[in-house]
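The sequence and the coordinates come first, and the description follows.

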Amino acid sequence: MYQKEELKSFAKNIRIEALKAFGGLGFGHVGGAMSAADILGVLYGGIMKIDPQNPDWEGRDYFVMSKGHAGPALYAALALRGYFPMDELKTINTNGTRLPSHCDRNNTPGIDMSTGSLGQGMSTAIGIAHGNKMLGKRNYTYLLLGDGESQEGQVWEGALYAPQHNLDHLIAFIDCNKQQLDGYTKDICDLGDLTQKFLDFGWYTMEVDGHDVEAIADAIESGKKQDEKPIMIILHTQKGKGCDFAEGILYNHHMTFTKEQCDNAIAKLS
Amino acid sequence: MSYKVCTGLETEKLAMRDVYAATMMDMASQNDKIVSLDCDLMNSVGMVKFAKEFPERTVNCGIMEANMIGVAAGMSAVGMIPYAHTFGCFATRRCLDQIFVSAAFAKANVRIIGSDPGVTAAFNGATHMPFEDIGSLRDIPGVTIIEPTDSVMLEDMIRQVEKKFGVFYIRLSRKNAIKIYEDGSTFEIGKSATIRTGRDVTIIASGICVAESVKAVEILDGQGIDAAILNMFTIKPIDREAIERAARETGAIVTAENHNIINGLGSAVAEVLAETYPVPMERIGVRDHFGEVGSMDYLLDKFGLSACSIAEKAAKAVQRKKSK
């Protein structure tokens with residue numbers, strides 16, 4: 001079982017450790033990493049069945065970070081859980097690192113699928129969930145998509161496929177931070193009502209405040225109680241959340257920043 | 001590898017697709033990890049019987065090739081052994097990025113069956129006639145590209161890739177092939193298979209162009225040219241040793257493929273020759289054109305893939321060798 005305060009603390013530490021890691025180089029995909037920190041805090045802080053000492057344990061729950069550019073936030077979660085030393089976070093995006101900007105399952109302990117070309121994690125997560133179902137396993141597959149990412153057609157191919165095959169142990173989220181690289185999603189290619197869309201596609205769909213760890217955890221538990229449909233939880237989030245030089249900024253997808261900005265942001269979070 | 005080449009050229013009684021389906025059913029009955037995926041072309045590739053026999057391991061994705069490749073990659077991450085089929089044009093063009101990222105870069109374990117290569121698409125025409133599928137995939141690290149020649153080789157390849165790990169693209173003609181190998185023949189992926197030896201020129205061919213090459217040898221024989229044939233059924237990784245040896249032994253090379261001459265078998269052979277033992281070389285292949293509708297015989301002539309064209313190029317290569 002999870003404790004709300006522990007999840008909140010874990011999510012805060014993900015933000016801090018990710019910023020420390022970004023800080024070494026002074027650039028990175030800050031916006032999407034910050035908006036995803038709370039869902040990662042919930043999953044890796046208590047919900048997921050994992051064994052950091054045995055990352056390839058076949059009985060584990062799987063996680064696919066389809067918005068692969070948010071990898072650094074996931075690396076922070078993995079390091080905090082002991083998949084690799086905390087010190088290694090400093091190597092993000094440095095030459096020869098095991099922690100590249102986008103997730104690579106063959107490089108980083110605890111990464112279940114390689115991602116980075118948007119939309120593809122939808123299908124690979126579905127494949128993991130469907131494969132486990134064929135094998136008679138009851139472990140869960142968690143999937144994190146972006147709202148901008150959902151402009152990819154492949155997301156909607158998967159949205160049709162998962163209900164067709166009753167993948168009830170697939171729990172997907174959309175980090176709906178309303179922004180993409182070039183601006184606001186509504187100005188570039190409006191996603192419309194994502195909740196209604198996934199309902200129409202046949203998913204068990206909910207929407208919650210994506211920065212409320214208790215609400216997220218409750219939604220996951222609610223989804224697990226039904227056994228007919230894949231689960232989609234729309235997370236209403238803010239891009240750059242919690243990082244004062246990124247939050248509320250238009251171009252915060254990939255940013256450069258000074259050491260002082262980074263130190264100040266970390267101090268405020270702490 | 002242990003194979004015997006048939007004497008004469010006879011059309012096989014069974015269509016390649018029927019042999020594919022029967023082989024898949026036999027393997028699936030012994031290995032519960034095998035899963036068949038398709039994009040609404042199961043009937044076209046003869047897999048409806050498989051679906052009835054193994055419904056729990058059959059996934060008709062619907063018409064969504066990109067999703068199918070990702071699903072196959074994900075399934076392989078939990079230990080399933082996916083065979084994902086659609087027409088070769090769609091199996092490559094429509095999901096190249098998924099093959100690159102979700103399958104190859106992720107080091108997934110996926111077999112992609114691309115049917116109707118090149119002119120074998122016949123009456124489906126240009127949109128369905130892949131002359132570029134090999135070229136699309138050759139650039140992706142670690143992808144193995146195989147073009148079985150007849151049903152004996154097809155069955156051997158389908159069985160062999162079950163036991164291997166990686167991303168495999170199998171270029172499958174669904175039609176009745178011309179029988180090249182005696183039953184029970186086996187092959188080694190990455191090694192060419194010699195159809196015949198010869199002194200003057202080596203024809204390196206794949207797919208339906210192997211049978212055309214056998215016919216070309218008869219024409220060349222009438223001209224006093226003794227041609228060897230190598231069946232280069234693995235386009236990647238290519239058999240570098242065999243290519244260099246052929247160049248040294250015969251001094252002239254002709255490639256023959258049912259594909260664009262750009263970035264296919266001929267390009268792969270030329271790369272090896274350039275780096276090892278350059279000799280006069282001619283290439284048979286589609287010369288950077290889109291396909292069109294027509295019968296196989298018409299299209300073979302139209303795109304210069306027939307035995308006559310191969311014989312002409314072989315004679316030209318020999319002439320170039322002599323005038324060096």
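pLDDT is the predictor's confidence in each residue, on a scale from 0 to 100. The model is predicted, and chain B has a mean pLDDT of 98, with 100% of its residues at 70 or more. Within chain B, strand 1 (residues 5-11) has the lowest confidence, with a mean of 95, while strand 10 (residues 201-205) has the highest, at 99. For the complex, the predictor gives an ipTM of 0.96 and a pTM of 0.97.

**Domains of chain B**

Chain B consists of domain 1 (14-180) and domain 2 (193-322). The centres of these two domains, taken over C-alpha atoms, are 26 Å apart. Where they meet, 27 residues of domain 1 of chain B are in contact with 29 residues of domain 2 of chain B. On the domain 1 side, helix 6 (133-138), strand 6 (143-146) and strand 8 (178-181) of chain B supply at least two residues each. Strand 6 of chain B has the largest share of that side, with four residues.

**Contact between the chains**

Chain A brings 23 residues to the contact between the chains, and chain B brings 24 residues. Helix 5 (120-134) and helix 6 (153-164) of chain A each give at least two residues to the side of chain A that touches chain B. Helix 5 of chain A gives the most, with eleven residues.

The table sets out two contact sides by residue class.

| Side | Nonpolar | Polar | Charged |
|---|---|---|---|
| Domain 1 of chain B, touching domain 2 of chain B | 16 nonpolar residues | seven polar residues | four charged residues |
| Chain A, touching chain B | eight nonpolar residues | 13 polar residues | two charged residues |

**The sheet and its helices**

In chain B, seven strands make up an open sheet with mixed pairing, in the order 3-2-4-5-7-6-12. Strand 3 (58-60) and strand 12 (234-236) of chain B are the edge strands, and each pairs on one side only. From one strand to the next, the twist averages 20 degrees.

In general, strands of a sheet pair through backbone hydrogen bonds, in either a parallel or an antiparallel way. Strand 6 and strand 12 of chain B pair in the antiparallel sense, over two bridges. B:Ile145 stands opposite B:Lys236, which belongs to strand 12 of chain B.

Two helices of chain B can be described by the strands they lie across. Helix 1 (residues 16-30) of chain B lies across strand 2 (34-38), strand 4 (81-87) and strand 7 (167-172) of chain B, and runs at about 145 degrees to strand 2 of chain B. Helix 7 (residues 151-163) of chain B lies across strand 2, strand 4, strand 5 (110-115), strand 6 and strand 7 of chain B, at about 165 degrees to strand 7 of chain B.

**Helix 5 of chain B**

Helix 5 (residues 96-105) of chain B is mostly covered, with eight of its ten residues buried. Among the buried residues are B:Gln98, B:Ile99, B:Phe100 and B:Phe105. What do the buried residues of helix 5 of chain B pack against? Their partners include helix 5 of chain A. From chain B, helix 3 (65-77), strand 5, helix 6, strand 6 and strand 7 also pack against these buried residues. Just after helix 5 of chain B comes B:Lys107, which takes a positive phi of about 55 degrees.

How values were computed: Residues are numbered from 1 along each chain as its sequence is written. Chains are lettered from A and ligands numbered from 1 in the order in which they are written. This is a predicted model: local features need pLDDT of at least 70, side-chain atom pairs count only at pLDDT 80 or more; totals for chains, interfaces and linings use all residues. Domain bounds come from an automatic or database domain assignment. Two residues are in contact if their C-beta atoms, placed from the backbone, lie within 7 Å. Ala, Val, Leu, Ile, Met, Phe, Trp, Tyr, Cys and Pro count as nonpolar, Asp, Glu, Lys and Arg as charged, and the others, Gly among them, as polar. Two strands pair if DSSP finds at least two bridges between them. Axes are lines fitted to C-alpha atoms, for helices over the stretch in contact, and angles run from 0 to 180 degrees between N-to-C directions. A residue is buried if 20 or more other C-beta atoms lie within 10 Å of its own, exposed if 12 or fewer, and partly exposed in between; C-beta atoms are placed from the backbone.
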